[in-house]
Amino acid sequence: MEPRAHHLLIGLFTIITAAAALLFALWLGKTSNEREWAWYEVAFDYTVGGLAEGNPVLYNGVNVGDVVSLRLMRENPGEVRVLVRVDETIPMHEDTRASLVLANITGSMSIEFSGGSQTSPLLMGSRENPPIINAQRSALSGLLDNSQLLI
């Protein structure tokens, strides 16, 4: 055994290092949660296979948010409503279009917004009352829907 070992200093250094790492992780988590979000509901009248909570939301290919929830409409089970949150600094206009895009080769899907002219009014809403954006069927989703018929 080493007679001059400084067990107290070694333990104190270990505790301070662990506490500093924990505080850094909490700080990083806090900065990502401090973003302000705009909420929108995307209405799909076709299948949304591969889309799940947490999947990215893109605007012209740039990640601007994520999918929060998916639900079927009680009045019309053929319609799927997807609640998304988007960085509030991204302007969403009434003529903005939404569609499903393939995120990767595993079949995971993302929602992509595109278009939106500067002359069109901005969409405003809250999480409790989000504006509805009707999705358009992309060529890929049409192909995937009809793939069973092709085979």
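# Reading a salt-bridge network

Tutor: Glutamate 79 sits in the loop between β3 and β4. Keep in mind that this is a predicted model.

Student: Is glutamate 79 buried or exposed?

Tutor: A residue is called buried when its relative accessible area is under 20%. Glutamate 79 has 18%, so it counts as buried.

Student: Which residues does glutamate 79 touch, apart from those up to four places away in sequence?

Tutor: They are Ala43, Phe44, Arg71, Leu72 and Met73.

Student: How should I read a charged pair, and with which residue does glutamate 79 form a salt bridge?

Tutor: Side chains of opposite charge can pair when their charged atoms come close. In this model glutamate 79 forms a salt bridge with arginine 81, and their closest N and O atoms are 2.7 Å apart.

Student: Where is arginine 81 found, and is it buried or exposed?

Tutor: Arginine 81 belongs to strand β4, residues 80-87. It is buried, because its relative accessible area is 14%.

Student: Which residues is arginine 81 in contact with, leaving aside neighbours within four places in sequence?

Tutor: Its contacts are Glu41, Val42, Ala43, Ser69, Leu70, Arg71, Met73 and Ile132. With one of them, glutamate 41, arginine 81 makes a salt bridge of 3.3 Å, N to O. This pair links distant parts of the chain, since glutamate 41 is in strand β1 and arginine 81 in strand β4, 40 residues apart. Glutamate 41 counts as buried because its relative accessibility is 9%.

Student: Which residues are linked in the network of salt bridges?

Tutor: The network links Glu41, Arg71, Glu79 and Arg81.

Student: How many salt bridges are in the whole structure?

Tutor: The search finds 4. Among them is one between arginine 85 and aspartate 66, at 2.7 Å from N to O. That pair also links distant parts of the chain: arginine 85 is in strand β4 and aspartate 66 in strand β3, 19 residues apart. Aspartate 66 counts as buried because its relative accessibility is 19%, whereas arginine 85, at 25%, counts as partly exposed.

Student: Now the nonpolar residues. How many residues has the largest nonpolar core, and which have the most contacts inside it?

Tutor: That core has 24 residues, and those with the most contacts inside it are Phe44, Leu51, Val84, Ile111 and Phe113. The elements giving two or more residues to this core are β1 (37-44), β2 (56-59), β3 (62-72), β4, β5 (96-102) and β6 (109-115). Valine 84 is in contact with residues including Trp39, Val57, Val67, Ile111 and Phe113.

Student: How far apart are arginine 127 and tryptophan 39, in sequence and in space?

Tutor: They are 88 residues apart in sequence and 5.3 Å apart in space, C-alpha to C-alpha. Arginine 127 lies in the loop between β6 and β7 (132-134). Leaving aside neighbours within four places in sequence, arginine 127 is in contact with Trp39, Val68 and Leu83.

Student: What pattern does the protein chain follow along the sequence?

Tutor: The chain reads α-β-β-β-β-β-β-β-α-α, with 3 helices and 7 strands. Of its 151 residues, 33% count as buried. Of the contacts between residues at least 6 apart in sequence, 64% join residues at least 24 apart.

Technical notes. Residues are numbered from 1 along each chain as its sequence is written. This is a predicted model: local features need pLDDT of at least 70, side-chain atom pairs count only at pLDDT 80 or more; totals for chains, interfaces and linings use all residues. Side-chain values use heavy atoms; hydrogens and water are left out. Helices (H or I, at least four residues) and strands (E, at least two) are DSSP runs, numbered from the N terminus. Buried means under 20% relative accessible area, exposed over 50%, partly exposed in between (1.4 Å probe, protein chains only). Contact means heavy atoms within 4.5 Å. A nonpolar core is a set of buried Ala, Val, Leu, Ile, Met, Phe, Trp, Tyr and Cys residues joined through side-chain atoms within 4.5 Å. A salt bridge is a side-chain nitrogen of Lys or Arg within 4 Å of a carboxyl oxygen of Asp or Glu.
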